[in-house]
Amino acid sequence: MTATAEIGKARLRKEDRHLVTGRSRFTDNMVLPGMLHLAMVRSPYAHAKITAIDTAAAKSSPGVMAVLTGADVAGEQGSLPNAWPITPDQKAPAHGAIAVEEVAFAGEVVAVIVARSAAAARDAVELVDVSYEELPVVMDLEEAFTDKVLAHTALESNLSATWVFDSAEAGTGSSVQDAIDNAEVLIERTLYQQRLIPAFMEPRSTVVDPTGEQITMWSATQIPHILRLMLALTLGIPESKVRVIAPDVGGGFGGKLQVTPEEVITVLAARHTGKPCKYTETRSESLQAGHHGRAQVQRLKLSARKDGTVTGLSVNLLADMGAYLGLVTSGIPILGAFMYNSIYKFPAYRFECHNIFTNKTWTDAYRGAGRPEATFAIERMMDELATELGMDPLAVREKNWIRHEEFPFTTVAGLEYDTGNYEAATAKAVDLFDYQGLRAEQKRRRDANDPVQLGIGVSTFTEMCGLAPSRVLGSLSYGAGGWEHAQVRVLPTGNIEVVTGSSAHGQGHETAWSQLVADRLGVPFENVEVLHGDTQISQRGLDTYGSRSLTVGGMAVLAAADKVIEKAKVVAAHLMEASEADIEFAAGSFTVKGTDQSTTLGEIALATFAAHNLPDGFEPNLDSDATFDPVNFSYPHGTHLAAIEVDTETGHVGILKYVCVDDVGVVVNPLLVEGQVHGGLAQGIAQALYEEAAYDDAGTLVTGSFVDYLVPSAPDLPHYITGRTETPATSNQLGAKGVGEAGTIASTPAIVNGVLDAVRHLGVRDIKMPCTPSRVWHALQDAKTTGGVQ
């Protein structure tokens with residue numbers, strides 16, 4: 001095999017062979033000798049005191065080995081961690097993995113069955129007799145903000161924290177109130193982000209083996225390194241005695257960025273019984289008790305001049321924490337705080353967020369994590385401004401966006417955007433979309449009073465991703481850094497092992513990292529193996545989320561590869577009796593400048609292993625470690641355009657055409673990028689048209705299966721027309737930007753703006769997401785008298 005240039009090559013994924021041939025190894029596939037199985041007893045009530053638990057019948061059930069209640073483990077279970085206290089006075093209730101005295105959402109664990117089989121454990125759940133004293137529930141976010149009903153009896157208020165950013169106080173802009181007071185045009189809207197569920201393909205699963213020198217956990221997690229640390233801190237176990245393995249993981253989308261009650265419970269059960277234990281949730285448990293996402297009320301004011309120039313933006317946010325604070329629950333709205341200004345040159349900005357407890361499943365990261373919410377709000381507001389002024393929505397955006405020659409640009413929120421070219425991405429999207437042709441078709445349908453009206457949805461966006469730098473995260477009181485670690489090992493045969501702290505769950509790290517190293521070291525792609533997801537093998541790392549894998553983890557890999565080259569140069573110079581300054585490296589070979597004398601990396605690897613002829617003091621290996629902590633976020637951007645058909649007689653919404661042009665910097669593998677964009681688009685469109693986690697007044701989740709929680713399948717989605725422009729990032733040596741969340745962030749407002757554009761001339765002012773046929777139809781019926789707000 002020979003090495004070829006790899007950056008930019010559309011390689012098929014290395015990971016796919018074992019997945020498509022049935023050789024995958026998910027956590028639930030794990031079988032250990034003597035393994036026991038767990039089933040959770042969950043509260044049917046959203047808020048109640050636990051007055052008694054009778055476990056006698058369950059303990060005597062065939063196959064049952066133990067039944068654990070909160071009282072049994074109260075002294076050892078600790079409280080589940082929140083790693084992002086956004087203010088010094090943030091309030092949070094204690095959150096034991098098993099409730100002891102009070103439950104705060106329907107689905108909270110009150111006891112666990114440990115049995116010889118999963119069936120025996122499930123059967124015994126019905127035999128646990130729990131007595132409850134029901135308490136008042138608060139389900140509505142705006143009602144919760146009034147404190148008329150408390151989500152927790154131990155707290156005096158439902159307010160967890162209030163976080164404020166004001167550009168005038170921060171010195172990054174002027175006064176928002178002055179802008180509002182002097183506005184020629186003022187747009188005020190209240191928008192709603194519905195509650196969503198990360199519907200990953202593989203339910204969460206955990207296996208714990210306590211029988212060795214360590215506690216070994218296999219878990220369907222995005223964060224093996226963070227999970228290891230948090231288990232040690234929560235349960236008081238020395239970190240060196242905990243090993244976490246993330247085997248094949250079937251998707252996450254932020255839903256597996258968590259330290260879950262079930263993971264802690266599985267450790268507790270294993271310790272109590274002294275035997276390996278497994279827990280795998282059902283789909284209904286996943287929907288009910290796995291953390292949710294979004295769930296916000298956005299109160300917005302945008303001030304502008306009559307020519308369309310924006311002058312100020314005020315955001316007042318109510319964010320639903322649910323019943324508890326998960327790992328980064330409290331910080332998710334804060335990630336969005338820096339993105340409401342988006343690509344626009346607002347001179348004044350104020351963001352105020354109130355984190356509120358309710359008696360629902362707690363919320364946390366879901367694909368995009370704060371950035372989709374912010375982008376939806378500002379893109380809806382830009383469309384509202386365009387409507388108010390009678391301007392084309394693209395024209396009002398172009399009037400206000402940062403121009404390519406203005407980069408680097410410090411925004412009103414205090415971030416420095418390093419590069420971008422919004423004009424180029426938009427021009428390409430407009431061309432692919434046939435914008436003017438579709439506007440003409442829209443006019444034709446309106447003039448003909450066609451029952452199927454056409455709307456054009458626009459979304460121009462950027463996002464901050466690659467969760468880092470560590471100093472910035474520290475300034476926001478985040479409990480960890482943003483660095484990533486990698487090791488590149490050169491084997492005696494010349495083959496390469498890459499050990500990465502980023503933990504893949506579908507992104508394609510094994511393929512992309514192989515391409516990076518093959519390209520840098522000049523070795524064949526097939527000769528690179530990537531190891532990850534096991535804290536015993538990859539001992540340092542901060543894992544995978546926030547579109548950080550390539551821009552942080554990949555840069556650590558490249559830095560380690562560069563160190564390999566520098567170490568190998570020393571050996572090459574010695575072997576060829578030349579000065580190190582005269583050694584050049586290219587395509588896997590070291591050459592003495594101005595001569596034909598050369599040696600390959602593989603030859604140096606073998607010579608280093610043999611150690612017969614090395615420079616004095618040189619350690620006989622080329623292996624190199626690197627930790628990368630970027631100086632800035634990365635800022636991908638793009639323009640998404642959607643042609644939306646709305647049947648005014650039925651309310652049905654269809655996507656006639658969808659075009660997106662994204663700028664993600666330098667691309668390592670176009671196939672991987674395309675896959676990430678397509679997946680992101682599906683989830684963003686799902687929020688706009690299909691998905692919503694709904695509760696009844698008593699706090700019961702009524703969308704507890706895929707019969708009621710609607711996830712789109714392939715027939716529900718359009719053919720996407722995708723394109724790219726490229727402005728390399730300056731925050732990393734490759735020039736790459738994140739891509740994993742771009743489609744989700746941009747597509748939701750594009751779809752909703754398109755729906756409204758199709759029916760606004762009929763009197764409809766707003767439709768709450770998801771824009772279901774029922775909501776669209778009712779909005780059209782109400783438009784004559786109420787403006788059609790649904």
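Trainee: Let's start in a loop. Where is Pro 408 found?

Mentor: Pro 408 is in the loop between α13 (393-400) and β16 (409-410). Keep in mind that this is a predicted model. The peptide bond leading from Phe 407 into Pro 408 is cis, with omega near -5°.

Trainee: And what about the peptide bond from Ala 468 to Pro 469, cis or trans?

Mentor: That bond is cis as well, and its omega is near 0°. Pro 469 sits in the loop between β18 (452-462) and α16 (470-475).

Trainee: Why point these out?

Mentor: Because most peptide bonds are trans, and most residues other than glycine have a negative phi. The second part brings up two more residues. Ser 342 has a phi near 55°, which is positive although the residue is not glycine. Glu 577 also has a positive phi, near 55°.

Trainee: Which loop holds Ser 342, and which one holds Glu 577?

Mentor: Ser 342 lies in the loop between α11 (332-337) and β15 (349-357). Glu 577 is in the loop between α18 (549-575) and β22 (583-586).

Trainee: Is Ser 342 buried or exposed? And Glu 577, buried or exposed?

Mentor: Ser 342 has a relative accessible area of 0%, so it is buried. Glu 577 comes out at 74%, so that residue is exposed.

Trainee: Let me step back. How many helices and strands does the protein have?

Mentor: There are 22 helices and 28 strands. The protein is as compact as a globular protein of its length, because its radius of gyration is 28 Å, close to the 28 Å that the globule rule gives for 790 residues.

Trainee: What does the C-alpha trace span?

Mentor: Along the principal axes, about 90 × 75 × 50 Å.

Trainee: How much of the protein counts as buried?

Mentor: 62% of the 790 residues.

Trainee: What share of the contacts comes from residues 24 or more positions apart?

Mentor: 79%, taken over the contacts with a separation of 6 or more.

Trainee: Now empty space. How do you find it?

Mentor: Rolling a probe the size of a water molecule over the atoms shows where empty space is left.

Trainee: How many cavities of 30 Å³ or more are there?

Mentor: Seven. The largest cavity holds about 70 Å³ of space.

Trainee: Which residues line the largest cavity?

Mentor: Among them are Arg 42, His 95, Phe 105, Gly 107, Pro 261, Ala 289 and Trp 362. By class, its lining has six nonpolar, three polar and three charged residues.

Trainee: Pick one. Where is Gly 107 found?

Mentor: Gly 107 is in the loop between β4 (102-103) and β5 (109-115). Its relative accessible area is 0%, so Gly 107 is buried.

Trainee: What does Gly 107 touch?

Mentor: Leaving out residues up to four places away in sequence, Gly 107 touches Arg 42, Ser 43, Gln 288 and Ala 289. Gly 107 and Thr 700 are 593 residues apart along the chain, yet their C-alpha atoms are separated by 8.8 Å.

Trainee: What about pockets? What volume does the second largest pocket have?

Mentor: About 580 Å³. Its lining has 23 residues, and Met 139, Asp 140, Leu 141, Lys 360 and Glu 692 lie nearest the centre.

Trainee: Which element gives the most to that lining?

Mentor: β8 does, with four residues. α5 (141-144), β8 (185-196) and β13 (293-304) each supply at least two. The lining of this pocket has nine nonpolar, three polar and eleven charged residues.

Trainee: Last topic, helices. Where does Leu 233 lie, and is it buried or exposed?

Mentor: Leu 233 lies in helix α8 (residues 224-235). With a relative accessible area of 60%, Leu 233 is exposed. Its C-alpha atom is separated by 39 Å from that of Tyr 349, 116 residues apart along the chain.

Trainee: And Asp 447, in which helix?

Mentor: Helix α15 (residues 435-447). Asp 447 is exposed, at 57% relative accessible area. Asp 447 and Leu 196 are 251 residues apart in sequence and 38 Å apart in space, C-alpha to C-alpha.

How values were computed: Residues are numbered from 1 along each chain as its sequence is written. This is a predicted model: local features need pLDDT of at least 70, side-chain atom pairs count only at pLDDT 80 or more; totals for chains, interfaces and linings use all residues. Side-chain values use heavy atoms; hydrogens and water are left out. On a 1 Å grid over the protein atoms alone, a cavity is a set of points where a 1.4 Å probe fits but cannot get out, and a pocket is an open set with protein on both sides within 12 Å along at least five of seven lines; lining residues have an atom within 4 Å of a point. Grid points are joined across faces, edges and corners, and a volume is the space filled by probe spheres set on the points. Ala, Val, Leu, Ile, Met, Phe, Trp, Tyr, Cys and Pro count as nonpolar, Asp, Glu, Lys and Arg as charged, and the others, Gly among them, as polar. The radius of gyration is taken over C-alpha atoms; the globule rule is 2.2 Å times the number of residues to the power 0.38. Buried means under 20% relative accessible area, exposed over 50%, partly exposed in between (1.4 Å probe, protein chains only). Contact means heavy atoms within 4.5 Å.
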